[in-house]
Amino acid sequence: MDCKVTPQRKRKLLLSDTFVRALQAAPAGERHDYWDTKVTGFGVRVTDRGAKSFVLYARFPPAGMPARRALGDASKMGLAAARKKAREWLDLIEQGRDPKETARQLTLKAQRANRTTFAIVAEEWLRDAVQGKQRKAREVEADVRREFIARWGSKPITEITALDVRDVIREVKARAPAQARNVLGYAKRLFDWAVAQDVYGLDVSPAEKLRPKDIIGKKVLRQRVLADAELRALWLAADKLTYPYGPLFKMLALTGQRKSEVADARWREIDQAKKLWTIPPERMKGDAAHVVPLTDDVMTILATLPRFKKGDHLFSTTLGAKPVNGFSKAKQRLDQEMAADLAGEVDPFVIHDIRRTMRTGLSALPIPDRVRELVIAHAQPGLHKVYDQYAYEIEKRQALELWAARLRAIITPLPA
């Protein structure tokens, strides 16, 4: 049998915290209501077991039938908070809105916001569009987590503005202008992907109208090439660096491949019997496998590298499980050793300039221009890419052997 409300126990008074705390349990089988004179329809109910709850008695939409609804546990909720909630409910009722439905919609919105925070969306983008699908996946992941997720992780992606993106790019520009251009590109791709998914509530990318030239400035093409003396100093400095960076810098100089292609190299890609290194499409800028003939100088370097059981990466600080990452300290050490050899400071250069130096060196040797470009995996112009499927393996090997001989002559010049 339902408990009943005894008419003579229905009372109106100015409720207080002291009164609510002092309320005793109603007699067995009864519930007592005490109505507040300050807020219409607001009161406190106590059961025969002593349970107390704040309630609101009103005509709730859409039916408009009078009903009593609980606002909260009076043993946990303060009177002031209960009155405030009662007033909010009365305002919603005045607008023709059901407080219960309004609360449900707010809960759903909060749940959706939790599922569409920038961190969640960014990690989904990394898994879906970056990891294992882009040549510089590790660099993209590191930059996105450092520059964006660290700032906006818990923020709903729909609340991120163009101003937010611009401020990050300007901050990156202040310390690394070239990197700022890359980071803006990552932001554009991430937000465009989120819009295309049509599930995150994002209709327009906040990075859509941001242009690199307006935020970062005109792109300046690098032309830095190491002189012979600098190239010799680089090789001797690499001798002084410990594994993995010393042999890695040498392999960059000998092969002319990109930093990520060499740093991420795996033993499974190398055929030591045929002296060939096949870089798979997913690690190449042009999305096509690239074959690098290995000279004796490269084979000598490979023979010095450790072999690990946790993974087959050539250059690793995690026993082969992951490829080497983070070149800043190694580059600083390289610069210091080079400066000591050259008896002065080294003109600033970046690791990619080693690749440009090697390519420039090929031009000084009797090598056809197309072969020079193929050695460093530059895309072929026009119809050559479609119709010329010849591998040029012999020609590339000859070119790399000529370059290795030239490099040896620079490192150890013959007596006058």
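By buried I mean a residue with under 20% relative accessible area, with exposed set at over 50% and partly exposed in between, using a 1.4 Å probe and protein chains only. On that basis, 44% of the 416 residues of the chain count as buried.

Before going on, a word on the source: this is a predicted model, in which local features need pLDDT of at least 70 and side-chain atom pairs count only at pLDDT 80 or more, while totals for chains, interfaces and linings use all residues. Residues are numbered from 1 along each chain as its sequence is written, and side-chain values use heavy atoms, with hydrogens and water left out.

Now the overall form. The radius of gyration, taken over C-alpha atoms, is 35 Å for this chain, whereas a compact globule of 416 residues would come near 22 Å, the globule rule being 2.2 Å times the number of residues to the power 0.38. Along the principal axes, the C-alpha atoms fill a box of roughly 120 × 45 × 40 Å.

As for secondary structure, the chain has 17 helices and nine strands, both being DSSP runs numbered from the N terminus, with helices H or I of at least four residues and strands E of at least two.

Which helix shall we look at? Just after α10, Gly256 takes a positive phi of about 75°.
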